[in-house]
Amino acid sequence: MTATTATQTTPASLHAPVIGWFEQHARDLPWRRPEAGAWGVMVSEFMLQQTPVNRVLPVYEQWMARWPRPADLAADAPGEAVRAWGRLGYPRRALRLHGAAQAITERHGGDVPSEHGQLLALPGIGEYTAAAVASFAYGQRHAVLDTNVRRVFARAATGIQYPPNATTAAERKLARALLPEDDGRAAGWAAATMELGALVCTAKNEDCTRCPIADQCAWRLAGKPAHQGPPRRGQTYAGTDRQVRGRLLAVLRDAVTPVPQSALDAVWEEPVQRARALDGLVADGLVEPLANGRYRLPLT
Ligand code: SF4
């Protein structure tokens, strides 16, 4: 039998330092305050999935002031959600959040459900968001695997620099194995590992001197071997259809009445790409074409 050493990593040996670190260093974010409620947590999770905290903060505050309950958002047009989404990017998230608000209003009397299965059954809610809301809003025990958590687990437990490009079954199994048994502690662990990845164990600049589990981290103890997996996906934007879609949508967000084709043509020169981007926006339900050749954000 191997003797236990001070640096041997077990799930339990990671919990106390990471949760203790979080209690000292967690950022005071509005969706972490009690008054945010489950709806605030859900809104923040939709916004944060592909957008950094500093860009989310002002939009979140305006969103919650305007639509403090799911029923408030459900009663408004989906196009208003797209308009309020502003420049957060990936605006289909706004439509999905609006759809979720409608379903919460119709099926759950306007209260965000607490059961993981009911959350998962809402339109636009995937495994990650259901687990995050159940954990952060209701203190339940779920593996919450976002990019930051996956990176921390890859380094500290698996001993590699970066996780695979897409979440694997092995990562889910590891995340479940690392979860504390107790519900509340598991929820704290989920929030703490996410924050550790966001603030200390970042993609480009891991700061091991500030890390509460540096003495247990498999990757650091192995001498930080270089990444050997497939190349990591870049986030190019300039010149992509995403950029064109963003420009077209900005015209419609700023307009109070339907806009003519010429107003859209003015924001992107290349006609084939522009048409493709506009077709995509219409197909996604983000833009509504009218019979008179004008366009607007969707009313229904
Ligand atoms: S020791 Fe360094 S690499 Fe390991 S988890 Fe901490 S910050 Fe990340």
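**View 1. Ala238 in the loop between helix 12 and helix 13 of a predicted model.** Ala238 belongs to the loop that joins helix 12 (218-221) to helix 13 (241-254); helices (H or I, at least four residues) and strands (E, at least two) are DSSP runs, numbered from the N terminus. With a relative accessible area of 67%, Ala238 is exposed. Here, buried means under 20% relative accessible area, exposed over 50%, and partly exposed in between (1.4 Å probe, protein chains only). Gly89 is 149 residues away from Ala238 along the chain, and 13 Å separates their C-alpha atoms. Residues are numbered from 1 along each chain as its sequence is written. In this predicted model, local features need pLDDT of at least 70 and side-chain atom pairs count only at pLDDT 80 or more, while totals for chains, interfaces and linings use all residues.

**View 2. Lys224 and Tyr90, two residues with positive phi.** Lys224 lies in the loop between helix 12 and helix 13. Its phi is near 55°, a positive value in a residue other than glycine. At 31% relative accessibility, Lys224 is partly exposed. Tyr90 is placed in the loop between helix 5 (78-85) and helix 6 (92-108). Tyr90 is not a glycine, yet its phi is positive, about 45°. Its relative accessible area of 25% makes Tyr90 partly exposed.

**View 3. The residues around the ligand.** Cys201 is buried, at 12% relative accessibility, whereas Cys208 is partly exposed at 23%. The structure holds zero disulfides, a disulfide being a pair of cysteine sulfur atoms within 2.5 Å.

View 4. The protein has 15 helices and two strands, and buried residues make up 44% of its 300 residues.

Conventions. Heavy atoms only, no water. Near = heavy atom within 4 Å.
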